[in-house]
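Open the model in your viewer and keep the selection tool ready.

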Amino acid sequence: MRDTPSTGDGSGPVLIHALDGFLGAGSAARLAAEQLSSGQGEVVHEFDLDEMFDYRARRPMMAFRENHYADYAEPTLQVVLEHDGNGEPYLLLTGPEPDFLWERFVGEVHEVIEEHDVPLTLGLGAVPMGVPHTRPAMITAHGTRPELVDRQNMWSAQVTVPSSAQSLLEYRLGQWGLDAAGYVVHVPHYLAQIDYPPAALALIDALTDRTGLVIDVERLRARQSDALKEIEEQIEEQGGAGLLSGLEEQYDAFTRGAAQSLLASDEELPSGDELADQFEQFLARQRKNDQG
């Protein structure tokens, strides 16, 4: 166990972290962060990314105009003080997930928590899963204490997963006796590489249900309608209705707690991963056709 740092009295704003990195399926965390950011908040802490960021793996974009480099999209990782629709304050940590120096990153976040008397740290993330886009987004809730998990998870398996800067942050805060929790939304495998607004909306809904923050999501809802319409069109054009039906059956069986009886039936269904792989293939072909 690491030495326990001192903490404040917990009377300050909640800290929300949504990083662009490992927990970024469907760009859900990034899209949620965009809705939570006004673009006019006060930067209360900025991380020195020069040693934390792998520039060769995630090369920032530059603009070249005629005969010179004109602009550079410099990556930034900041904690910003924001206010919701009712003027309630909250801290928002966004930017690229650090590639290096995770322990330093965690230590700096703790300093922010201490300085601003943060009572609760909430993480937002997304992972690809064998789920259909035609069903409500499923969320896995987690926390450093059982009392902090405010919704029942659909599954209770014990698994070993690759870590992330966000998961390490929550783990260390728990070791130090600080309250931290979060939500991971399940994004359909076949949509994990594109922007998927429904997952971002599910994260924001979970956040606002818990905190009472008032967040304007009208732009995101408009994007959701357009995205779902495009997905349906691609599925119809590529003859994917049968694949989608099979994935829906798998999902519905799981939510009913009857997966075993379904899989034991005479009709042999492909696994969720197999269905998702097929979806990825035909949607990839469609995107390629659109680009051509």
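Select Arg30. Is Arg30 buried, partly exposed or exposed? Arg30 counts as partly exposed, because its relative accessibility is 28%. Here, buried means under 20% relative accessible area, exposed means over 50%, and partly exposed lies in between (1.4 Å probe, protein chains only).

A word on the model. This is a predicted model, in which local features need pLDDT of at least 70 and side-chain atom pairs count only at pLDDT 80 or more, while totals for chains, interfaces and linings use all residues. Residues are numbered from 1 along each chain as its sequence is written, and side-chain values use heavy atoms, with hydrogens and water left out.

Arg30 lies in helix 1 (residues 28-36) and Asp195 in the loop between strand 9 (180-188) and helix 4 (197-211), so the pair ties together parts 165 residues apart in sequence. A salt bridge is a side-chain nitrogen of Lys or Arg within 4 Å of a carboxyl oxygen of Asp or Glu. Helices (H or I, at least four residues) and strands (E, at least two) are DSSP runs, numbered from the N terminus. Asp195 is partly exposed, at 30% relative accessible area.

Next, select Asp150 and Arg210. Their side chains meet in a salt bridge, 3.5 Å from N to O. Asp150 lies in the loop between strand 8 (139-143) and helix 3 (165-175) and Arg210 in helix 4, so the pair ties together parts 60 residues apart in sequence. Asp150 is partly exposed at 40%. Arg210 is partly exposed at 22%.

How many salt bridges does a search of the whole structure find? It finds twelve.

Last stop: select Tyr69. It is found in strand 4. Tyr69 is exposed, with a relative accessible area of 61%.
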